[in-house]
Amino acid sequence: STSVFTNNLVLTGQFDAGSAGGAILLEDCFASSIKTSKFFNNGAAGYVGFSSFASSGAAGGVMLKFSSAIIDDCYFKENWVSVGGTKLSSGGAVAIYFDYSSGGKKIGPGVTIENTEFEENIAFSSICSNTGSKSGSGGAIAIIGSAYPGVHMKKVILRKNYAMSRQGILVLSYGGGLVVSVGSNVTGEAVTFESNFAVNGLGNDISVLGGDASSSDNDVNFAN
């Protein structure tokens, strides 16, 4: 049966590490599965108000940290993250941070996202404020430090997702649809990018940080 996650919200305090996983957070989990589920308007909010100690929100819908998992036949709409303190917000719907490891070794099947649609998810530069100098990254998905075996996407649609930055500040937004960084390995087949936008930023569909897509920093390959 289909599980539905709606209007969930995680917050962070002024001196905390940041909020993560508005609906679901998996940390140090092996071979988990999220299937036939829908996520609407879930959020991970950064600390409201300037503070160099506070961190931003990550993964408005699902956070995978040091975990391997499959996301299959799911739908993510209008999920969001916002900035706080010194960091970018990341992954309006899904954020994948690093790989599952055991005994100091990276093992497991990695992360697979298939038969899934991401629509109108947002990585905000801020909420409840017109000030601040940070921005959003990965309007739908953020993949950070997931290198072995990495992330595979199949039959995925990313449509009208947004990474935001305020006009006139020096910090750009990155990856209206997808942002990839910190030595990640990402492969995809039959992935559709449509009308995603990095507002006042770079990479409307995909932004690869820390080197280009063929560099040793990140390995990003998509096929029809």
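Colleague: Is Phe76 buried or exposed?

Modeller: Bear in mind that this is a predicted model. A residue counts as buried when its relative accessible area is under 20%, and Phe76, at 0% relative accessibility, is therefore buried. Phe39 also has a relative accessibility of 0% and counts as buried.

Colleague: How many aromatic pairs are there, and how are the planes of Phe39 and Phe76 set?

Modeller: Planes under 30 degrees apart count as stacked. The count comes to 8 aromatic pairs, and among them Phe39 and Phe76 are stacked, with 4.5 Å from centre to centre and 5° between the planes. Because Phe39 lies in strand β5 (residues 37-40) and Phe76 in strand β9 (residues 75-77), this pair ties together parts that are 37 residues apart in sequence. Ring pairs also join Phe39 and Phe76 with Phe5 and Phe118 in a cluster.

Colleague: What is the relative accessibility of Phe66, and what is that of Phe98?

Modeller: Phe66 is partly exposed at 29%, and Phe98 is partly exposed at 31%. Their ring centres lie 5.4 Å apart with the planes at 15°, so this pair is stacked.

Colleague: Which residues lie nearest the centre of the largest pocket?

Modeller: Rolling a probe the size of a water molecule over the atoms shows where empty space is left. Here the largest pocket has a volume of about 410 Å³, and of the 21 residues that line this pocket, Ser56, Ala58, Lys87, Ser90 and Tyr97 lie nearest its centre. By class, the lining is made up of 11 nonpolar, 8 polar and 2 charged residues.

Technical notes: Residues numbered from 1 in each chain as written. Predicted model: local features only at pLDDT ≥ 70, side-chain atom pairs only at ≥ 80, totals over all residues. Heavy atoms only, no water. 1 Å grid on protein atoms, 1.4 Å probe; cavity = no way out; pocket = protein on both sides within 12 Å on 5 of 7 lines; lining within 4 Å. Points joined across faces, edges and corners; volume = space filled by probe spheres on them. Nonpolar A, V, L, I, M, F, W, Y, C, P; charged D, E, K, R; others polar. Phe/Tyr/Trp six-rings, centres within 6.5 Å; stacked < 30°, edge-to-face > 60°. Helix = DSSP H or I, 4+ residues; strand = E, 2+ residues; numbered from the N terminus. Buried < 20%, exposed > 50% of the residue type's maximum accessible area, 1.4 Å probe, protein only.
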